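Dear colleague,

Please find below the structure that I am handing over to you, with its sequence.

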Amino acid sequence: MSYGTLYLIPTPLGEGAPPEAVLPASALAITRQLQHFVVEHPKTARACLKLMGTALPLQQLSMQTLNEHTAAKDVEPLLAPLLAGQDVGLLSEAGCPAVADPGAQLVALAHQRQIPVRPLVGPSSLLLALMASGLNGQRFSFQGYLPAQPAERQQRLQQLEQHSRRQQETILFIETPYRNAAMLESLLQTLQPDTRLCVATDLTLPSEHILTRRVADWRSQPRPELNKRPSIFLFLA
């Protein structure tokens, strides 16, 4: 028996970006034909799929949950439709699945079982931010979330800045949106004045705001309102 295909389905990065504005017709066409999905949160996934359109009524779609609370032993059973020859769509809450996303566990298991994996084209906040930053796009690293405690965060930022200076490498990371303002303050207090810092906020949305400045200039000029707005932070020493 041939296995189904695991489709990795990007989603819009926030409200205000219609699916047709950020997803190609081919990705939407594949998504609309699927019956089985693995999602982080069924409620928001249904809302997203309603906007994207589905061939079957939403009530007839099968949705299994995979998020940060899913036990490792509960991930493998999610492969069942694929092993039975059914295609499955993996959705993230926003952007590309399996990147800073628990869906990576399912993708890894699919490869172990030799199940075909097919990523679909869509918005990646990390790449969009890097493209727009003007920083080094030849050498870069994504650091995920930095420590939440101020002292640990400051130490980690100092280490990353030293690495960035030695390697001429752009550093990217994310933060929980309600802590964005505190993160920006930590960056401005910790980084050297000549380090270039980019903050990319609400990417692909009508309120999109992307700004790259030297840290010294960030300190002396007005700062954007970042509270509860999804943002990517990037710097190059």
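**Cavity**

The structure holds one cavity of 30 Å³ or more. On a 1 Å grid over the protein atoms alone, a cavity is a set of points where a 1.4 Å probe fits but cannot get out, whereas a pocket is an open set with protein on both sides within 12 Å along at least five of seven lines; a residue counts as lining if it has an atom within 4 Å of a point. Grid points are joined across faces, edges and corners, and a volume is the space filled by probe spheres set on the points.

Please note that this is a predicted model, in which local features need pLDDT of at least 70 and side-chain atom pairs count only at pLDDT 80 or more, while totals for chains, interfaces and linings use all residues. Residues are numbered from 1 along each chain as its sequence is written, and side-chain values use heavy atoms, with hydrogens and water left out.

The largest cavity contains about 30 Å³ of space. Its lining is made up of V38, V39, E40, L66, L90, L91, D101, P102 and G103. Two or more of these residues come from each of β2 (36-39) and β4 (88-91); helices (H or I, at least four residues) and strands (E, at least two) are DSSP runs, numbered from the N terminus. By class, six lining residues are nonpolar, one is polar and two are charged. Here Ala, Val, Leu, Ile, Met, Phe, Trp, Tyr, Cys and Pro count as nonpolar, Asp, Glu, Lys and Arg as charged, and the others, Gly among them, as polar.

The largest pocket has a volume of about 760 Å³. It is lined by 29 residues, of which A94, A100, S125, Y145 and I174 are the closest to its centre. The elements that contribute two or more residues to this lining are α6 (125-133), β6 (140-145), β8 (196-201) and β10 (231-236). The lining comprises 15 nonpolar, eight polar and six charged residues.

For the second largest pocket, the volume is about 370 Å³. Among its 18 lining residues, G14, E15, T44, C48 and E93 are the closest to the centre. Helix α3 (residues 42-52) supplies the largest share of this lining, with five residues. By class, the lining of the second largest pocket has 11 nonpolar, five polar and two charged residues.

**Aromatic side chains**

Two aromatic pairs are present in the structure. Rings of Phe, Tyr and Trp (its six-membered ring) pair if their centres lie within 6.5 Å; planes under 30 degrees apart count as stacked, over 60 as edge-to-face and the rest as tilted. The ring centres of F173 and F233 are 5.6 Å apart and the planes stand at 15°, so this pair is stacked. F173 belongs to strand β7 (residues 170-174) and F233 to strand β10, and the pair thus links distant parts of the chain, 60 residues apart.

F173 also forms an edge-to-face pair with F235, at 6.4 Å centre to centre and with 70° between the planes. As F173 lies in strand β7 and F235 in strand β10, this pair ties together parts that are 62 residues apart in sequence. Both F173 and F233 are buried, and F173 and F235 are likewise both buried (buried means under 20% relative accessible area, exposed over 50%, partly exposed in between, with a 1.4 Å probe and protein chains only). Ring pairs link F173, F233 and F235 into a cluster.

Elsewhere, R213 lies over the face of W218, at 5.0 Å from the ring centre; a charge sits over a ring if NZ of Lys or CZ of Arg is within 6 Å of the ring centre and within 35 degrees of the ring normal.

**Single residues**

Q114 is a residue other than glycine with a positive phi, near 60°. Q114 is found in the loop between α5 (104-112) and β5 (117-119), and is exposed, with a relative accessible area of 70%. Q168, also not a glycine, has a positive phi of about 50°. The loop between α7 (150-167) and β7 holds Q168, which is partly exposed at a relative accessible area of 39%.

With kind regards
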